[in-house]
Amino acid sequence: MSPAALPLVRIPVGIVVERHKADSPWIDFVWRAVAVLPDEPDTKSWTVLRQEGGGTLFYAGSAMVDLYSSETARYRDNLTSGSPSIWTVLSPAEGAWPYSVAAATADPAEGEAFTEAADNLVEAVPMPDVLREQIESFVAEHHVEREFFKRERRQADPEALARRQHEGGHE
């Protein structure tokens, strides 16, 4: 693995998930991530945090928010969006709980890419201030503005676009 492919900073986070009774004949519950804790708590995965109003909050587990120097423009765009987010990814799991924590990211493009696996539950949740400050510091230290180069298009060759006769007289 090249050094550019390794994260420069890894930030541990905890993922809080909400479960609500579904108003559906096909599923019993609706699950979604609702928050990111700015550290990895010393709590067992799937610990109930609170029950209220027909819903239950769980500490689902931990993940690492990895920061790469090549992605600072995306982090900066996230930070300046007006509502900085962390994208959480829950993947289907076998066992006592229907999902497991698969990932957390501050990169909007990476978060969107996780939606390609249709079974994943991907949620953008508010970024805690402590994480925002760490990511702002990372961007300030590692961002390099890259000049945009527009490719020049070649002119179309009308002769290359002309119809040609194939052998045998058929086009």
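1. Helices here are DSSP runs of H or I with at least four residues, and strands are runs of E with at least two, each numbered from the N terminus. Counted in this way, the protein chain of this predicted model has four helices and seven strands, which follow one another along the sequence in the pattern β-β-β-β-α-β-β-α-β-α-α.

2. Four of the strands come together in an open sheet, where their order is S2-S1-S4-S3 and the pairing is antiparallel. Strand S2 (29-37) and strand S3 (47-52) form the edges, each of them pairing on one side only, and from one strand to the next the twist averages 35 degrees.

3. Within this sheet, strand S1 (residues 9-21) and strand S4 (residues 55-67) are joined in the antiparallel sense over 12 bridges. In general, the strands of a sheet pair through backbone hydrogen bonds, in either a parallel or an antiparallel manner.

4. Helix H3, which spans residues 129-142, lies across S1, S2 and S4, and its direction makes an angle of about 145 degrees with S1.

5. For the protein chain as a whole, 30% of the 171 residues count as buried, while the accessible surface comes to about 11,900 Å², with 49% of that area belonging to carbon and sulfur atoms. Where contacts link residues at least 6 apart in sequence, 61% of them join residues at least 24 apart.

Technical notes. Residues numbered from 1 in each chain as written. Predicted model: local features only at pLDDT ≥ 70, side-chain atom pairs only at ≥ 80, totals over all residues. Heavy atoms only, no water. Pairing = 2+ DSSP bridges. Axes fitted to C-alpha atoms, helices over the stretch in contact; angles between N-to-C directions. Contact = heavy atoms within 4.5 Å. Buried < 20%, exposed > 50% of the residue type's maximum accessible area, 1.4 Å probe, protein only. Areas by Shrake-Rupley, 256 points an atom, 1.4 Å probe, with all protein chains shown as cover.
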